[in-house]
Amino acid sequence: MNKGVLSNQNDGLSRRELLTMAGVTAVTLASYSHSARGAPGGETIVIEEVKQGEDVFAYITRVKGAFDLTGYQQVIGAANMFKEGDQTIGVGAKDEATRTNARALLANTKIKDLHQRPLFEDDLQRLIWQTTDQAQYEVVKDWTMGQLKEFLLSEPEDKIKGIMNGLSSDTIGCVPKLMSDEELTALSQKIFNVMPGTKLGAKGYMGARIQPNSPTDHPDDVAWQVFDAFSYATGDIVIGTNPVDSTVASVAAVERALKDIVDTFKLQEVIPWCVLAHIDVQAEVSETFPGTVSTMFQSLAGTDDCNKIFDITNEKILKYAHVKTGERYGLYFETGQGSEFTNGAANGVDMMVLESRKYGFSRAVGMELAKVQPRGAWLHINDVAGFIGPEVFKTREQLVRCCLEDMVMGKLHGLTIGLDICTTLHMTVSLDDLDWCQDQIMPANPAYVIALPTKNDPMLSYLTTAFQDHVRIRDKFGFKVNDAMWDFYKQIGIVGEDNSYTSNYGDPLWVYYQFRLAKGDKRSKEEIYAEGLQKMREVEARGVDLATGHGEKIWDLNPPLAAKVKSLYDDAKLSLWAELTPEFIGSLPDVVPVHTLSKDRNDYIAHPATGEVLSPEAILEIERIRESWGDDLPKGQIVISDGLNAKAIMDDGHLAPYLVEMRHLLADAGVTMSDKNIVVTSGRVRAGYRIGELLFADADPNSLRGILHIIGERPGTMHHAYSVYITVAKGKRWSEKDIDHDITRLVSNVADTALPPREAARETLTIIREIVGKNVNGSRRYG
């Protein structure tokens, strides 16, 4: 049984895990105290007048009297299309007139001036400088950004590729600011960076990353979603699952399940597999179980500060590239606008430029891979554009814009870039809206997009692209699957020799039958089908839907499944707006109810940072608890928050069994706990940190104290699950009042239908023991 845990203190967190940790396995990581260093958060910028021929630097000197870094960051940010995240950073334009003026200033600015004056300088910026082609830079350095725009829109691909490696990431990050959606699409249609020895990323090809996520990391859940994908002739760049449990043993079990499918179908030279744990964990799996790891994954950020939270450095990732010496497959990165400011590490730089810096990081890694991979560097990027929530942006139009911006920036960095065209369930983008977004984005020809059995991810609880969406997109836009993988789909009888779908289309049982035959299984078709049918029932009982057949059109879900997905979507909206009832709060033993600064549920969802700050009344209540302890401080405190799904907390059989078992286990282990249950209305993860700082600031500096924070997860699955955020630190760290996600671990997907609450309590104790027994700081591997 999987554990639903991130258990190793030094494992680090992926971008999705970090974004999940923000309000409820989910959302915001905007810190009440850490956000957007370098610019006054929440302000908007006004540019009233631009003089003839004036550039960014002349304007700043005119209005500030000298160069001013904050003013520079603000003018560059003001040139962006509106997104809520830029306003939070403090670099958003107040109005369209300001936006137009900022673009005029930028268009007049020379490339060399942007190159020489980065918006923020750190080790990552210096790596980008070192890996920017100097000969190509000499060609373009005296161009203005307006001239660069015209060059990119008017010249063919070969001319663009002749200069694009001479553009720094800050420069490339400014290109989309000057372009409309139509111009971005036209540019993206001209640039293609193809994976070596494949058609992946080629013009007219649009592939898929199969994302077989399981709420319990059950290998059968993972395997059957792969069979399901194959039945719709979908999947060609990577089979990559997001783990719930990032322990070495659990990751290895899923890696082996994926390897078994690839090996059995003799696809080793065609498609890699990947478990998207932290790269250190994957490396340890590779060392402990040689041959189980194929492509290696890591989330990237655009500043050193944010990458530190991800537990990576430039040097670490470059060394992992070198480790791929002589191998077929290399590295796979995931990015997306907003992760820096939601982690308080934007340093005053707008989201688009920070995204571009991630691509600069990737370009540098690709250059290192090229030195060690004789058949060409295998590296690709997946941009997760809508995963955080409405604090980054809210609307379907913004989602389209973000995807187009990121594709252009990725392609100009020479990368094979795919997309996760996705939305969280607390945004306003609906199931139907996602189809519209796909249609707006596809003319720009991304290398690939994500693929699930339905639009609803059963583990991450967000909306993205279904297997059958790929079928629709291929039909509408004429896109092809990578040739070698298409040949495989013909081989197993999903596609006929005439390239049309056969009667086996949409039948994962048929794919399972082919899998068993490839293993030499001598049983009859009827026996294998009966076994497969039973396995499918077991998978679906664990909350993982499998698509079969189709509706009116071959790209429609079958009607019962379509109705179920719609019902989950509707329930998610109800769960999102549910609130902890007074009756439920009153039923908890020794309860102390408190509130954050969120005025109401709408304020909590629209302004995530309000859910991270305790109200003055709450602070007084917490201080009363602390005073009641006197000199006899307990080792820990339990905190319970509604998060984005109060139902997950209130459902029968969810919270009470966990609390009872957890207190029993801790008592047996000799861990003294506060007898109070602090219940936070409109609470996010960081509210728990603030409670711990109030309670434990005066603890013995060298003794460990901890918070167990139980939070309702983002809605959208049948489970109504919650997570437990485990934060253990010495008294000195609590007194410094800078507790954040980098020292927190979690047990996730806790529900009576997923990870049973009592088992989750046992896993919580295991993690606490691991934390106590390990050095809290530093990584056990490179860097």
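Mentor: Gln468 lies in helix 22, which spans residues 467-477. In this predicted model, Gln468 has a relative accessibility of 1% and therefore counts as buried, the limit being under 20%. Beyond its neighbours within four places in sequence, Gln468 is in contact with Tyr232, Tyr505, Ala547, Gly549, His550, Ile554, Trp555, Asp556 and Leu557. Glu150, by comparison, is 318 residues from Gln468 in sequence, and the two C-alpha atoms are 38 Å apart in space.

Two residues call for attention on account of their backbone. Most residues other than glycine have a negative phi. Ser461, although not a glycine, has a positive phi of about 60°. Its place is the loop between strand 11 (448-451) and strand 12 (462-463), and with a relative accessibility of 5% Ser461 counts as buried. His720 is likewise not a glycine, yet has a positive phi of about 50°. The loop that holds His720 runs between strand 16 (704-712) and strand 17 (722-730). His720 is buried too, with a relative accessible area of 12%.

Next comes the packing of a pair of helices. Two packed helices are described by the angle between their axes and the distance between the axes. For helix 13 (residues 219-231) and helix 14 (residues 248-264), the axes come within 9 Å and cross at roughly 30°. Angles under 35 degrees count as roughly parallel, and helix 13 and helix 14 are therefore roughly parallel to each other. Their crossing is right-handed. On the side of helix 13, the contact is made by Pro219, Val222, Ala223, Val226, Phe227 and Phe230, while helix 14 contributes Val254, Ala257, Leu258 and Ile261.

The cysteines remain. With a disulfide taken as a pair of cysteine sulfur atoms within 2.5 Å, the count comes to zero disulfides. Cys174 is in no disulfide, and the nearest cysteine sulfur, that of Cys402, is 16 Å away. Cys174 is buried, at a relative accessible area of 1%. Cys274 is also in no disulfide; here the nearest cysteine sulfur belongs to Cys422, 18 Å away. The relative accessible area of Cys274 is 0%, and this residue is buried.

Key: Residues numbered from 1 in each chain as written. Predicted model: local features only at pLDDT ≥ 70, side-chain atom pairs only at ≥ 80, totals over all residues. Heavy atoms only, no water. Axes fitted to C-alpha atoms, helices over the stretch in contact; angles between N-to-C directions. Helix = DSSP H or I, 4+ residues; strand = E, 2+ residues; numbered from the N terminus. Parallel < 35°, antiparallel > 145°, perpendicular 65-115°, else oblique. Left-handed = near helix turned anticlockwise from the far one by under 90°. Contact = heavy atoms within 4.5 Å. Buried < 20%, exposed > 50% of the residue type's maximum accessible area, 1.4 Å probe, protein only.
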